[in-house]
Amino acid sequence: MEILRLKQLMNLKGISREELSNKVGVSVTTISNISSEKNLPTISLLIQLAEALDVDIREMFIPTKGSIITESEVEEAKALLEKSLHILKGNI
């Protein structure tokens, strides 16, 4: 069962494993193992990863039933809706 959104956030932010490993001071293997969930990070490393990715620590986790929607998820949804409306109106 997936817990972390590390891969998704790295893709969203355009940050490679190498860049992220340099930012937080761990090996590329460590980032790879965390992103594939072979290993889970310590709380301290999780905080560093969130800071390096410029996200709220809550965004690091896969939402679960009954979870709170984050502000960034709301903003992403708004942006997608606005883009869709422009496309529908022919204002590509």
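1. Confidence comes next. The chain has an average pLDDT of 87, and 91% of the residues score at least 70. Among the elements, helix α2 (residues 17–24) has the highest mean pLDDT, 97, whereas helix α5 (residues 71–88) has the lowest, 83. Where pLDDT is low, the predicted coordinates should not be read in detail.

2. On secondary structure, the chain has 5 helices and 0 strands. Read from the N terminus, the order of elements is α-α-α-α-α.

3. On overall dimensions, the radius of gyration of the chain is 16 Å, whereas a compact globule of 92 residues would have one near 12 Å. The C-alpha trace spans about 50 × 30 × 20 Å along its principal axes.

4. How much of the chain is buried? Buried residues account for 26% of the 92 residues; for this figure, a residue is buried when its relative accessible area is under 20%.

5. Contacts between residues at least 6 apart in sequence were also sorted by separation. Of these contacts in the chain, 57% join residues at least 24 apart.

Note on methods:
Residues are numbered from 1 along each chain as its sequence is written. This is a predicted model: local features need pLDDT of at least 70, side-chain atom pairs count only at pLDDT 80 or more; totals for chains, interfaces and linings use all residues. Side-chain values use heavy atoms; hydrogens and water are left out. Helices (H or I, at least four residues) and strands (E, at least two) are DSSP runs, numbered from the N terminus. The radius of gyration is taken over C-alpha atoms; the globule rule is 2.2 Å times the number of residues to the power 0.38. Buried means under 20% relative accessible area, exposed over 50%, partly exposed in between (1.4 Å probe, protein chains only). Contact means heavy atoms within 4.5 Å. pLDDT is the predictor's confidence in each residue, from 0 to 100.
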